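Colleague: I have a few questions about this model. Can we go through them residue by residue, then look at the pockets?

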Amino acid sequence: MWFYEAQRSGRLPENNRVSWRSDSALNDGSDNHIDLVGGYYDAGDYLKFTQPLAHSLALIAWGAIEFYDGYVKAGQTGYLRDTIRWGTDYLIKAHPEANVLYVQVGDGQVDNNYWGPDTGIPSDRPSYKITSDAPGTDIAALTAAAFAATSYLFRNQLNDTDYADTLQSHAESLYGFAESAQPYQVYTQAVAASQGYYETSTYSNQLVYGALWLYRATGNTQYRDKASQYFDQYQIGSSKITVMDWSDQTGAVYVLGALIDNGNSKYKDAATSYLNTIINGDSPCSYTNGGLLWCGGASDSNSLVPAQDIALLALLYGRVQNPAADYTDFAESQIKYMLGNNRMLTPYVCGVHMNSPHNPHHAGASGGTDVTNIDTSPPEEKYILYGAVVGGPDHDDKFYDERNDWAQTEVALDYNAPFLGLVARQLSLDSVEDPPYVSITEPRPHVSRPTRLEKWLVAVIVIVCIFVVAMSLYICWLKRHAISNRWRGNKAVRF
């Protein structure tokens with residue numbers, strides 16, 4: 001959870017463990033005369049987005065609820081509390097009125113042109129919101145799910161009833177906003193600034209997800225019935241299989257529904273079909289030669305995220321599915337892969353081994369300030385980003401550890417969210433094995449990138465090829481035309 005401390009925005013507490021971080025973004029929200037100081041930066045930059053934060057908090061809370069013993073054994077319950085609360089305290093600020101939710105702070109165009117420490121973040125940090133007049137059904141319902149999941153954790157595991165009540169109140173209010181604001185639409189239709197960053201394509205699964213978490217948090221069967229109604233109305237059970245991530249909680253809906261509404265077989269049926277299809281390597285997923293779950297385009301830019309998310313869902317579903325061996329075996333294979341049992345002999349977690357990634361795509365940790373030359377300025381990360389999970393290897397199981405290769409070395413809130421649950425589960429077992437990297441003594445093997453032609457050169461080659469083919473066809477036509485004329489001339493002479 002050290003990584004989440006490295007992502008903190010706002011005034012840092014006295015027990016801050018990240019020496020190279022400073023207070024930052026202390027005027028957030030001032031453009032709208034509201035206090036939006038705090039929360040987490042979403043990735044290796046200095047933007048704040050509610051969408052990935054809500055998704056991550058719900059997932060961290062879920063893993064903690066189910067595998068709390070792992071946190072207890074590791075002595076991490078205090079850090080768990082602080083990690084969750086830093087995020088939920090911010091979300092409370094971001095929900096100042098029943099029908100208002102702030103969804104972004106910072107301008108992506110400005111922020112992406114800054115590379116440096118948190119002391120120099122550009123001060124132009126506009127804040128964006130959804131309202132009754134400009135709704136966002138998806139993000140309102142998902143944030144309600146985050147409030148509800150964390151309220152359950154604070155009430156039942158962390159023993160803070162007063163704070164749980166506050167979170168539950170926000171959850172119910174936000175879910176009411178999600179249902180009442182018309183028209184139903186994804187939030188990027190109301191907030192254009194978030195387009196291209198955290199866009200979803202639907203709001204249906206979020207409505208079910210929020211209602212299920214509210215049912216679990218409150219025990220109110222009206223939310224259970226709402227979840228069931230939306231599940232049927234939007235035909236969630238027969239949806240095209242997509243991999244769970246911050247933009248799509250369909251897989252989580254299946255598993256959560258099977259866990260808490262086990263008298264309704266439709267969730268369990270959907271969860272079984274969903275996980276079996278993915279785990280068995282059927283479309284849209286397969287496996288790399290090294291054994292990493294690979295789900296097409298979902299794995300291209302952060303290959304470890306689908307693997308982790310599905311592994312966590314498999315372990316959670318294994319708690320109600322009997323036998324659970326296939327789900328457990330799959331999940332453990334993915335955990336072992338990301339912790340060193342792979343071609344690169346690399347645990348894809350910063351700071352745990354000599355072969356860990358040395359150059360995560362993170363402005364603050366890099367120690368550099370040259371946005372045009374982030375790979376070599378400096379040549380190696382100045383600060384170790386302990387505990388951060390990077391994007392991961394490519395389809396050939398290769399990892400290049402280059403800071404500018406954000407697809408492989410990016411870090412983000414949602415990359416670490418399932419990891420916490422996976423580790424907590426491993427630690428909760430009666431017999432705990434050492435992770436694979438403990439026994440790795442060889443350095444990471446060197447791999448070279450395949451040679452790639454520049455785009456302009458490819459275009460030139462294509463044009464030349466087309467020209468050559470066209471000329472060849474033209475010459476053939478001329479020859480055929482000449483032969484035809486001679487044949488007709490000879491025929492005329494003979495007659």
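Colleague: Is Ala298 buried, exposed or partly exposed?

Modeller: The model is predicted, so local features need pLDDT of at least 70, side-chain atom pairs count only at pLDDT 80 or more, and totals for chains, interfaces and linings use all residues. Residues are numbered from 1 along each chain as its sequence is written, and side-chain values use heavy atoms, with hydrogens and water left out. Buried means under 20% relative accessible area, exposed over 50%, and partly exposed in between (1.4 Å probe, protein chains only). Ala298 has a relative accessible area of 35%, so Ala298 is partly exposed.

Colleague: In which helix is the place of Ala298?

Modeller: Helices are DSSP runs (H or I, at least four residues), as are strands (E, at least two), and they are numbered from the N terminus. Ala298 falls within residues 297-300, which is helix α12.

Colleague: Is His33 buried or exposed?

Modeller: His33 is found in the loop between α1 (2-6) and β1 (48-49). Its phi is positive, about 55 degrees, although His33 is not a glycine. With a relative accessible area of 76%, His33 is exposed.

Colleague: And Asp397, buried or exposed?

Modeller: Most residues other than glycine have a negative phi. Asp397 has a positive phi, near 65 degrees. Its place is in the loop between α15 and α16. The relative accessible area is 4%, so Asp397 is buried.

Colleague: What is omega for the cis peptide bond that joins Ser377 and Pro378?

Modeller: Most peptide bonds are trans. Pro378 sits in the loop between α15 (363-366) and α16 (406-409). The cis bond from Ser377 to Pro378 has an omega of about 0 degrees.

Colleague: Which element gives the largest share of the lining of the largest pocket?

Modeller: On a 1 Å grid over the protein atoms alone, a pocket is an open set of points where a 1.4 Å probe fits, with protein on both sides within 12 Å along at least five of seven lines; lining residues have an atom within 4 Å of a point. The largest pocket is lined by 34 residues, and Leu339, Phe419, Val423, Ala424 and Leu427 lie nearest its centre. α1, α3 (68-74), α14 (325-338) and α17 (413-428) each supply at least two lining residues. The largest share, seven residues, comes from α17.

Colleague: Which residues lie nearest the centre of the second largest pocket?

Modeller: The second largest pocket has a lining of 32 residues. α12, α13 (304-317) and α17 each give two or more of them. Nearest the centre lie Ala43, Asp45, Tyr198, Trp406 and Glu410.
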